[in-house]
Structures are given as structure tokens and as C-alpha cells.
Amino acid sequence: MDVLEITNLNKRFGERTVLQDLSLRVPEGAIYGFIGENGAGKTTTMKIILGLLAADGGEIRICGEKVGYGQTRTNRFVGYLPDVPEFYGYLTPREYLALCGGLAGVSSDTLRKRADELLELVGLSASANRRISGFSRGMKQRLGIAQALIHRPKLLICDEPTSALDPAGRKDIIDILRAIKSETTVLFSTHILPDIERVCDRIGLLHGGRLALSGRLEEVRAMHAKSGFVVEFAEESEAVTFLSAYPGGEQDTPSKLLYPTGTRADMIAAMTKLGGMQLCPLKIEQREPSLESLFMEASAE
Amino acid sequence: MDTIKDFLPFLIPLAIAQFVLLGFTIRHILTHERYKRGTRVLWLVVAIVGMEFIGPILYFILGKED
Amino acid sequence: MRQLLLLLRKELLELVRTKRAMVLLIVFGIFGILNPALAKLTPWMLSLMGESLAEQGITFGAITVDALTSWTQYFKNLMMEYILILAMFSSIFAQEYQSGTLVNLLTKGVSRGKVALSKLLAVQLTWTVCYWLTFLVTLGYTAYFWENALPAGIWLAAVCAYMMGVWLLSLELAFASALNSGMYALLLTGGVFALFFALGMLPQLTRFLPSHLGDGLGLLTGDMASSDILPALWVSLALSATQSALCVVGIRKKQL
């Protein structure tokens, strides 16, 4: 079943078209990476999903229910983590979660337990009774995840959850997202591609107001897979020697050889050749498209 | 003017209220690093010069950061 | 209902934890003490002035200070109460709009109307407590020093002055929910008040204008009949209700 279905969504800001017939599906249990350059319309799409912005056309369904602007019924299925979550500095995390949970309709008996559970999950147990005003960016981000999950939403929407954080903070957030995978479906936007590779199983690339690329991560990779292989040596001289003995490649960098049209059989032949020449490369691998190259390719179209 | 005794019922609570407010304001200014606008010295001067209550009010409305 | 109570609790907790509640209570307490104190000082100040005036040939008769002098001060100093409470709450919406704190709550499925309602309730509740605190402190001193602390007409005059505050606050919140700046909300409220005040220059209109609800002193001295102020009281009730509704509309239209 699809938790989120977006069909032909349109949105304009004045003259500028931001979303043009955007269609997107997020199946249950997925961690969906929503990629796009800055200004591609990721945040706009998310705000429309949450009913914070009005769409100019198209339809959004969450768990089969239609989303309308300003109307918040479907938000009971959704947890939202804004890009820079802001809290009331005079409350403690426990009080804040009690407020959010109560507003989301979580019953009072389960609320306390759920709050403790989440504070534990995001690693804020030790600060549970401190005022939020003294929290760092990373702590606020983690509290943001806790408040988004307080009512056990079917869909968690995170807007650039890692962009403003240092590497340690980013790793924390990624680990938390991985940990909640069994509980909820996640849609998260980012322009940090390594983060996508670390957690996502599906991606959608937003470009020019529509999805330029989407599907399972490995399928997308396979579809855009390139033939060829790469051999990398420690020394330039080794590379040159090998290239003359086994032509057909080019020097990608001085010590790295690229065989753009090489097949599997070619690669096995090359390995045999390496053995015969008593050469030991740093690595030899099949070419796999990096997300980065897919991103650049799709964005260039 | 009658005797000062006539004014004690006013003076005592007024003085208490004003000094509580002033003390509280000064403590708040000294324990906070940042203000919506202005600097620590500015707010201390304002609070003390306008101590009958205008100074503290100005600080809490214009200077205090949440 | 549970959502509204939770939001109201949050607003009140905010007042207490940001120390606004305490500052307001102390200052409104001070206002209450100042009214009878100034009344008590009146003969002394007049005698000081009297000496210089006597040289110019102006003399005073014997000055009697009584409960009415104390209440005169009370109505004279009302404007400070209005200004203080309006200034205190001018940013109640702007603060949330600017920092984006509302987004988390709204995406939990809370209607915007309830957010506005909780703020309206918290503000009017605070005003009620502060206003009647000043009234009670003044009343206490007045009863201690003078006879007849509650002259005829004082209750109507006090309720009218209270309703003027309710009207001004709901007006301010209606502006505040539609704007991103507390300062503009405060200035616009001042502007509307000035407009009403200017309309009051026409004597036949005065009795309908909520901006003149603070002038109830005449009810105590017998210069005014209750029919001179009651229409304005009803107008203020109607306007307060309308403005509170506009406050809800304002937050609904707000792009967050």
C-alpha cells in the first residue's frame, strides 16, 4: 500500500512555476530520499503535504485520505520535522513532548511512557528536565524527531534534517532514522547525497518541478549502470606499463585507468593479465554510477 | 503635609515592590548574555535610573530575550 | 476541548516562566498603591504651588481630601494600565510567527482557531487579574483612610474602564494575528484609539464610544448618568467579540 500518493501536483509562486505535474508514491515501510538542488521545490512539496500551503492543482492522499489546505485531519498520520525546528525555550523536552502528544490526541496514560521512550531513542534522556533554551542545534534536531514521532505517525516527513549539522550530528540523525525504520515510513529531503546512500531504499530526484528520476535505489543505479571498469595503481609508472600491455583504456588520473567499454569478460582478462605481469593494483572494480553522477546527469537535462 | 507616619502604609509596600522589581530585573540582566536590543550597561542604567518601575518595564518589554 | 486547555496552559506557563506575570503583578500592585498615595499628597502639593500662586494673587479655599480624591487619581492613571498591558502582549503572535514555533503544533492537527483562542483567553485573563488587582489595592487603601470608600456609581465606572481594556486588547490581537510585527500591532491599536478619540470631539457621539469608557468618574460625582456611558459599554462588548473573531480569521489567513 502507498502511504503517500501525489498526483499531478502543481504550484506557482507568482510567475515562477515551482511544481509541474509532480507525481510521487511512497510505499509503506520505505525510507524515501527526496533529492533536489536548493530551490527545486522540496520544502514547498512538503508544506503542501502538511496543508501549510495551498496547491494550484493536483491531489495528495495520505493513507488514502485527501489532503486539503489549512485542514489538518490528515496530519494525524504524519509527523513533521521542519528544517530548523523551533521550540519554546521555557519548556523542558518532557513538557514539550507532553504538549505535542496531548495536542495530537495521545492519551495521557501512554503519553509519559512514549515520551520517555523517545527521549531515550534520540539520546536526550539526560537533558529531559532542562530548559530547551540552552540546547544546541543538534539537540534541537533530535528533539524535533522525538516530537514528530510522539503520536506514532504512519509517515515521518523530514525537511533537510542533516543539512545544518556537523558530521557527528549528521551521523546521530541518520542512525535514529535507521532505528525507526520498522515503525514508520520516512520521506526525507536532502541535498547531501552520502546521507541518502546510508539510509534510503528509494529515491526521487526533483528537477524542473517534476520527478526526473525515481525508484528503488539499486534499480535506479542498475538502470543507469555504465559498462566498463576501473583499475587503480599506486604508481603512475605501473599504470602506464599496464596500459601499454592491455590497451583499450584511458588514463582517468595519472595512476587510474578507465576502460569505458570493457565487459565482464574483458575485466577477467585484465585480472589475468595483472597476475601474469605480477602487478598488484590498489583496486579494480566495475564502474557503478555514483548518486552524484546521476544527480548531475538528471539536473543537466 | 502631615507627619511622615501617615505615609508609611504607602511607602513601605511601595519601597518593597520597587526594590523587589529592581533586584529581580538587575539579576535578570546580569544572568543573561544576550538582549533583544541594547547592551548590558545600557539596561543596567535604564533599570536603575527608571527604578520606580518604568526602567524594569522597559527592560522586560524591549530588552529581554526569551 | 483538551487541545484548547493544553494550549491555554502553555500560554499561562509562558507568562510565568518568562517572568511577565510577576512583573505585571508587581507593577499593577504599584499602580494600586500610587492612586491613594497621590490623593494623600494632593494638599501638600497644592500648598507648595499655593505659595507661588498666592504671590500672583490666586488663593485656594481649604482642600478636603476624601475617597473621591483617591478615585479621581484612579481614573486619571488608567491610561498607564492600558499602555502597559498592550505593550506587554503586542508580540504574542509575532514572536511565534517569526521563530516558527507554531509549525510543530499545527502539524499535530491543532486548528489555528484554537491557537488564536488560547492566546485571546490568556491575555484577557491576565488583564482581568491585573486590572482588578489595582482596583482592590486602591479600594483597600481608600477604605483604610477615608469614609465612604465605595461611592455610588463606582462599580459601573470600574466595569466600564475594565471593558475599555478588553476592547483595546482584542483590537490589538486582531492586528497582531495578521501581522509579523508586534510594534505595528501596537501602533495600529494606538491609531484606532486616536481615531475614536477624535470622533469623541462630537458631543452627541461620545456616549457610544468605547474610547471614553475610562471617563466614568462623572458617575461618582453625579455629573454623568449611567445612560451617558452604558451605550459605549454595549458597543465595546460587540466590538470585542467582532475583533476576537477577526483575530481568528487573521491567523487562518496567515502564511506560515
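# A tour of chains A, B and C

Two pairs of chains touch, and the pair A and C has the most contacts; a contact means heavy atoms within 4.5 Å. This is a predicted model, in which local features need pLDDT of at least 70 and side-chain atom pairs count only at pLDDT 80 or more, while totals for chains, interfaces and linings use all residues. Residues are numbered from 1 along each chain as written, chains are lettered from A and ligands numbered from 1 in written order, and side-chain values use heavy atoms, without hydrogens or water.

**Stop 1: chain C**

Select chain C. It has eleven helices and zero strands. Helices are DSSP runs of H or I with at least four residues, strands are runs of E with at least two, and both are numbered from the N terminus. The C-alpha trace spans about 70 × 40 × 35 Å along its principal axes. Of the 256 residues in chain C, 52% are buried. Buried means under 20% relative accessible area, exposed over 50%, and partly exposed in between, with a 1.4 Å probe and protein chains only. Now draw the contacts within chain C that have a separation of 6 or more: 80% of them join residues 24 or more positions apart. Chain C exposes about 11000 Å², with 70% of that from carbon and sulfur atoms. These accessible areas come from the Shrake-Rupley method with a 1.4 Å probe; for residues, only the protein chains shown count as cover.

**Stop 2: where A meets C**

Show chain A beside chain C. The contact takes 32 residues from chain A and 27 from chain C. About 2500 Å² is buried between them, 55% of it from carbon and sulfur atoms. Buried area is the accessible area (1.4 Å probe) that two parts lose on being put together, summed over both. Select Tyr88(A), Tyr90(A) and Leu103(A): in chain A they lose the most area to chain C, together 30% of what that side buries.

Which residues form the salt bridge here? Pick Glu95(A) and Arg17(C), whose closest N and O atoms are 2.8 Å apart. The count between chains A and C is one salt bridge, defined as a side-chain nitrogen of Lys or Arg within 4 Å of a carboxyl oxygen of Asp or Glu. Nine residue pairs are in polar contact, both residues at pLDDT 80 or more. A polar contact is a pair of N or O atoms within 3.5 Å; within protein, one must be able to donate a hydrogen and the other to accept it, and residues adjacent in sequence count only if both atoms are side-chain atoms.

Color β6 (78-81), α2 (93-103), α3 (108-121) and α4 (137-149) of chain A; each gives two or more residues to the side that touches chain C. The largest share, six residues, comes from α2(A).

**Stop 3: α1 of chain A**

Move to residues 42-49 of chain A. Six of the eight residues in this helix are buried. They are Lys42(A), Thr44(A), Thr45(A), Met46(A), Ile48(A) and Ile49(A). After the helix comes Gly51(A), with a positive phi near 80 degrees.

**Stop 4: where B meets C**

Switch to chain B. Here 20 residues of chain B are in contact with 24 of chain C. The two chains bury about 2100 Å² between them, 84% of it on carbon and sulfur atoms. Highlight α1 (8-31) and α3 (54-63) of chain B, which each supply at least two residues of the side that touches chain C. The largest share, ten residues, comes from α1(B).

**Last stop: A and B**

Chains A and B do not touch; their nearest C-alpha atoms are 7 Å apart.
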